[in-house]
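Here's a quick report on a protein model with more than one part to look at. Have a look at the sequence and structure first, then read on.

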Amino acid sequence: MNDQLEQRLKEAENMPRVYFDHAATTAPHPEVLDVVTRMLNHVFGNPSSFYKEGHKASYMLEDARSKIASLLDVRSDEIFFTSCGTESDNWALKGMALSSASKGRHIITSKIEHHAVLHTAEALEKQGYDVTYLDVDRFGLINPDDVEKAIRQDTILVSIMTANNEIGTVEPIREIGSVCRKHGLPFHSDGVQALGAIPIRPRELNCDMMSFSGHKLYAPKGVGILYKRKGLRLANFMDGGAQEHGRRGGTENVAYAAGFAKALELAYEALESEAKRQMRLRDRLIDGIIQRVPHTKLNGHPTKRLPNNVNVSFEFIEGESILLLLDALGFSCSSGSACTSSSLDPSHVLLAIGMPPEVAHGSLRVTLGRSSTDEEVDRFLEVIPLVVERLRVMSPLWEDYQQGRLASLIPEEGGKDVTILGGYGLS
Amino acid sequence: MEYSKKVLDHFMNPRNMGEIEDATATGTVGNPICGDIMKMYLKIEDNVIVDAKFKTFGCGSAIATSSMATELIIGKTTDEALVLTNRAVADALDGLPPVKMHCSVLAEQAVKKALYDYYQREGLMTPERKEMFKILEEDES
């Protein structure tokens, strides 16, 4: 087994790398790059300026806005450009907190949100707001009934992500939105991970606000969007000039806005075919990993999940060491292990779906993209059993398990729907 | 965060990984909940560590520090091994990222725990030696 791994490690030096971390970021699409560089070369004007260069920039900016609006099936004046998805989330939460403070100070969100929402909610708590963090089920799904039960007289906002960035679970956003509508509550959804992967039309989803980010769909980093339904009152987050209808100060990043529009256009053109293609690769990976590696389970929902997301837990080993070996073998992946963050806690998402920390440390996330191929999946499925085996041989937990001193938490045959009860009970 | 070449080398090619079936002493430290456990096996003859092996559940630096710790103590007397510090393990690896320093602490603790086991069992524990085991009382995470 070890010889095979050594052989693979040698081979990897002469093989192209496999990028399996598209949920972290994506490489800009050549056509997007083309638009962006052309804009930077030829449209340098400030859209607020009152002369030709300015008019040209302003025209291009509005063109990008209207393209995006039409793809999302919303009005142009409901699209606001920001610097990133995190800014959009901050704006939605803090803006709503500020403009509705007289009505109430209660916000509802979930335990599995991205830090851009979670830490913003925590910051608001420090300012005297009250936040309910809803639980999720073992697949990471939020129950719309739980949202309804959490609503109080003083609730001013509900914020639930469209799809989870770690485990890929797609939330029942439309149903949650309709609960919010019924109670006359504004509903925000962080759609950063979902845009470009599944069809997103904010109105159909009953969303009043949605956050998006360019670099998750093959546009550059440094551009985001906040969709805000017309008529919804929202205090500014970034005060300044009259840009973005006076709602978001700062000279507009015209080139990146145009790049975002191009990226969205490309994403929507290929949405169905790419989703289908990636889903097939995804399921090959999930089935292949579970079949080849004992004591392995899928994290997240088996079917209500993003077409490009694979998240599995391997028992008895730790995630960062999996990533290091995979990196040496030419694969870029990600993990929810504590050691890949700067804290000592494993992923809050894995803990929220009820996974004991000792298993959460051994998680691996593979996220596919437009460049992913069957060959890459084949290569991955060939090496992953070798990687896990290598680390298990080193693990004292594996030794304890094999010698009958420790009961496994994930059955040997593993699966897509494995409930883990309790932990090892060691300390 | 990036590892030094030496850390990566010891992670990719761990030295002395495995078990010693007739070990004179063993020490296990860490906690699966925190994501790292180290088990150290020592073979001691006439107060000299003639062999050391490890098993580790943990991140790259946890594996590398265990590997380096075994290299640093093999051939040493138990009293020489007793003064091994986490800093010495980290330095021998050309340093560790600050968030990973606790892995070197774990490596020091694993060696000490095995030695504690040895001294106690052999009736060799003295007040001076006992003084050296204070690190075992520290928070292991």
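The notes below go from the overall build of one chain, through one residue inside that chain, to the contact between the chains.

## Chain A overall

First things first: this is a predicted model. Chain A holds 15 helices and 12 strands. Its C-alpha trace runs to about 75 × 55 × 35 Å along the principal axes. For a chain of 427 residues, a compact globule would come out with a radius of gyration near 22 Å, so the 23 Å of chain A agrees with that.

What share of the 427 residues in chain A is buried? Buried residues come to 60%. As for who touches whom, take the contacts in chain A with a separation of 6 or more: 74% of them join residues 24 or more positions apart.

## A look at Ile384(A)

Ile384(A) sits in helix α14 of chain A. Is Ile384(A) buried or exposed? Its relative accessibility is 0%, so Ile384(A) counts as buried, the cut-off being under 20%.

Which residues is Ile384(A) in contact with, once its neighbours within four places in sequence are left aside? They are Ile289(A), Val293(A), Phe314(A), Leu326(A) and Leu364(A). Tyr218(A) gives another reference point: Tyr218(A) and Ile384(A) are 166 residues apart along the chain, and 28 Å separates their C-alpha atoms.

## Where chain A meets chain B

Now for the interface. Interface size is often quoted as the accessible area that is lost when the parts come together. Here chain A and chain B bury about 2300 Å² between them, and 66% of that is on carbon and sulfur atoms. The contact draws on 28 residues from chain A and 29 residues from chain B.

One of the salt bridges pairs Lys100(B) with Glu320(A), with 2.7 Å between the closest N and O atoms. Polar contacts between chain A and chain B number 12 residue pairs, counting pairs with both residues at pLDDT 80 or more.

Which elements of chain A give two or more residues to the side that touches chain B? They are α11 (319–328), α13 (357–360), α14 (374–394) and α15 (396–402). Helix α11(A) gives the most, with 5 residues. Sorted by class, that side of chain A has 16 nonpolar, 6 polar and 6 charged residues.

Terms used
Residues numbered from 1 in each chain as written. Chains lettered and ligands numbered in written order. Predicted model: local features only at pLDDT ≥ 70, side-chain atom pairs only at ≥ 80, totals over all residues. Heavy atoms only, no water. Contact = heavy atoms within 4.5 Å. Buried area = accessible area lost by both parts, 1.4 Å probe. Salt bridge = Lys/Arg side-chain N within 4 Å of Asp/Glu carboxyl O. Polar contact = N/O pair within 3.5 Å; in protein donor to acceptor, adjacent residues only side chain to side chain. Helix = DSSP H or I, 4+ residues; strand = E, 2+ residues; numbered from the N terminus. Nonpolar A, V, L, I, M, F, W, Y, C, P; charged D, E, K, R; others polar. Buried < 20%, exposed > 50% of the residue type's maximum accessible area, 1.4 Å probe, protein only. Rg over C-alpha atoms; globule rule 2.2 N^0.38 Å.
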